Amino acid sequence: MEPRLKVATCSLAGCFGCHMSLLDLDERLFDLAERVELDRSPLTDIKELGECDIGLIEGGVCNAENVHVLMEFRARCKMLIAIGACALNGGIPAMRNQFALKDCLEESYLRGVGLVNPQIPNDPEIPLLLDQVHPVHEVVKIDYFLPGCPPSADTIWTFVSQLLSGQPVALSYTQIHYD
Ligand code: SF4
């Protein structure tokens, strides 16, 4: 039996919907489990990232912790794959980019409806927000981009199967069109 590839996944500024789509592989997860071993991932709850063959990144980059995690994934994973619209172009979290960060914070924490003792959180343990939400390729080199919100389980399966068998990645139009 061939050694299994080590795969890590993370969610930066995302909603975990792309991870849910991964779980939608359903019984195909058994096939996958024979070929890959999960390292750090919300699916394993392993916190420390080891040396990996593949890193799957969900979500864009909205704070200092996201930058740190993404750079660690780039350093420890031979191949990085951006999965989903948030990782590819910032997605829904990037809708705040058209406003100043200060205005976003004030709107949420000072002017929101029903707030009691309104104040902008400033605990030092809270990761520092970036002025803008960035797609992951603006921070590190990405080897593959898998579009969709989220990519369907079938699209993920086609992609992963081709990748693991060493074939060139070729997705059909119907698997990546969203018009
Ligand atoms: S691409 Fe869509 S499903 Fe994936 S994290 Fe972003 S909002 Fe969620």
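**Ligand shell, helix packing and an aromatic pair**

In this predicted model, the helices α1 (17-23) and α4 (85-89) each supply at least two residues of the shell around the ligand, where helices (H or I, at least four residues) and strands (E, at least two) are DSSP runs numbered from the N terminus. The ligand is surrounded by G14, C15, G17, C18, E58, G84, A85, C86, G148, C149 and P150, a residue being counted if one of its heavy atoms lies within 4 Å of the ligand. By class, this shell has six nonpolar, four polar and one charged residues, with Ala, Val, Leu, Ile, Met, Phe, Trp, Tyr, Cys and Pro taken as nonpolar, Asp, Glu, Lys and Arg as charged, and the others, Gly among them, as polar.

Helix α2 (residues 28-35) packs against helix α6 (residues 153-164) at an angle of about 25°, with the axes 12 Å apart; axes are lines fitted to C-alpha atoms over the stretch in contact, and angles run from 0 to 180 degrees between N-to-C directions. In this packing, R28, D31, L32 and R35 of α2 meet A153, D154, W157, V160, S161 and L164 of α6, contact meaning heavy atoms within 4.5 Å. By class, the contact has five nonpolar, one polar and four charged residues.

The structure also holds one aromatic pair, the term requiring ring centres of Phe, Tyr or Trp (its six-membered ring) within 6.5 Å, with planes under 30 degrees apart counted as stacked, over 60 as edge-to-face and the rest as tilted. The rings of Y144 and F159 have their centres 5.6 Å apart and their planes at 75°, so the pair is edge-to-face. Y144 lies in strand β7 (residues 144-146) and F159 in helix α6, 15 residues apart, and the pair thus links distant parts of the chain.

Residues are numbered from 1 along each chain as its sequence is written, and side-chain values use heavy atoms, with hydrogens and water left out. Local features need pLDDT of at least 70 and side-chain atom pairs count only at pLDDT 80 or more, whereas totals for chains, interfaces and linings use all residues.
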